[in-house]
Amino acid sequence: GEAACVEGDGDEEFPGRPMSLYQKLGIPELAHKLPKSCLPMGTLVGSLTKEAAEHLGLSEGLPVAQGGPDAFVGMIGLGCINPGQLCLITGSSHLHCVVTSKATTAPGTWGAYKGAPLPGLCFAE
């Protein structure tokens, strides 16, 4: 979500980017290769161009929305969108995904990711 891009030690040019980490790794140029803003999943980003519509066999002008990571999209598809809910996403890896209302973390977990899978929520795995 949007919050993921505004927190961190980034400077004014790269808000939310872990610039000190990039410096320590000797790859500060990485920040120039990443998007400068993040859009929440489902945000309208434009419409299908004539060329893309012809290639895909779809109608020109169809809305195009920002996608998201497979686990986040899977959580929404499973209806796991309320704090306290847990789901299991399996595929090439296996994730226990939990929705929380607070950005808290615990040993052995990844996250919490603010604004994921939906604005106002937090996700941890």
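**Close-up views of a predicted model**

**View 1. Aromatic pairs in the chain.** By the rule used here, the count comes to three aromatic pairs, where rings of Phe, Tyr and Trp (its six-membered ring) pair if their centres lie within 6.5 Å, and where planes under 30 degrees apart count as stacked, over 60 as edge-to-face and the rest as tilted. The rings of Phe72 and Phe123 have centres 4.6 Å apart and planes at 75°, so this pair is edge-to-face. The pair links distant parts of the chain, with Phe72 in helix H4 (residues 70–78) and Phe123 in strand S6 (residues 122–124), 51 residues apart. This is a predicted model, in which local features need pLDDT of at least 70 and side-chain atom pairs count only at pLDDT 80 or more, while totals for chains, interfaces and linings use all residues. Residues are numbered from 1 along each chain as its sequence is written, and side-chain values use heavy atoms, with hydrogens and water left out.

View 2. Is Phe123 buried or exposed? Phe123 counts as buried because its relative accessibility is 1%, and buried means under 20% relative accessible area, exposed over 50% and partly exposed in between (1.4 Å probe, protein chains only). Tyr113 and Phe123 form a stacked aromatic pair, 5.6 Å centre to centre and with 25° between the planes. Here too the pair links distant parts of the chain, since Tyr113 lies in strand S5 (residues 111–114) and Phe123 in strand S6, ten residues apart. Tyr113 has a relative accessible area of 31%, so Tyr113 is partly exposed, whereas Phe72 is buried at 14%. Phe72, Tyr113 and Phe123 form one aromatic cluster.

**View 3. A nonpolar patch that includes Leu21.** Leu21, Leu25 and Ile27 make a nonpolar surface patch of about 260 Å²; patches are made of residues with over 30% relative accessible area and no salt bridge, like charges being joined within 9 Å and nonpolar side chains (Val, Leu, Ile, Met, Phe, Trp, Tyr) within 5 Å. A salt bridge is a side-chain nitrogen of Lys or Arg within 4 Å of a carboxyl oxygen of Asp or Glu, and accessible areas come from the Shrake-Rupley method with a 1.4 Å probe, where for residues only the protein chains shown count as cover. Leu21 is found in helix H1 (residues 19–25), and Leu21 counts as partly exposed because its relative accessibility is 42%.

**View 4. The chain around these sites.** The chain has four helices and six strands; helices (H or I, at least four residues) and strands (E, at least two) are DSSP runs, numbered from the N terminus.
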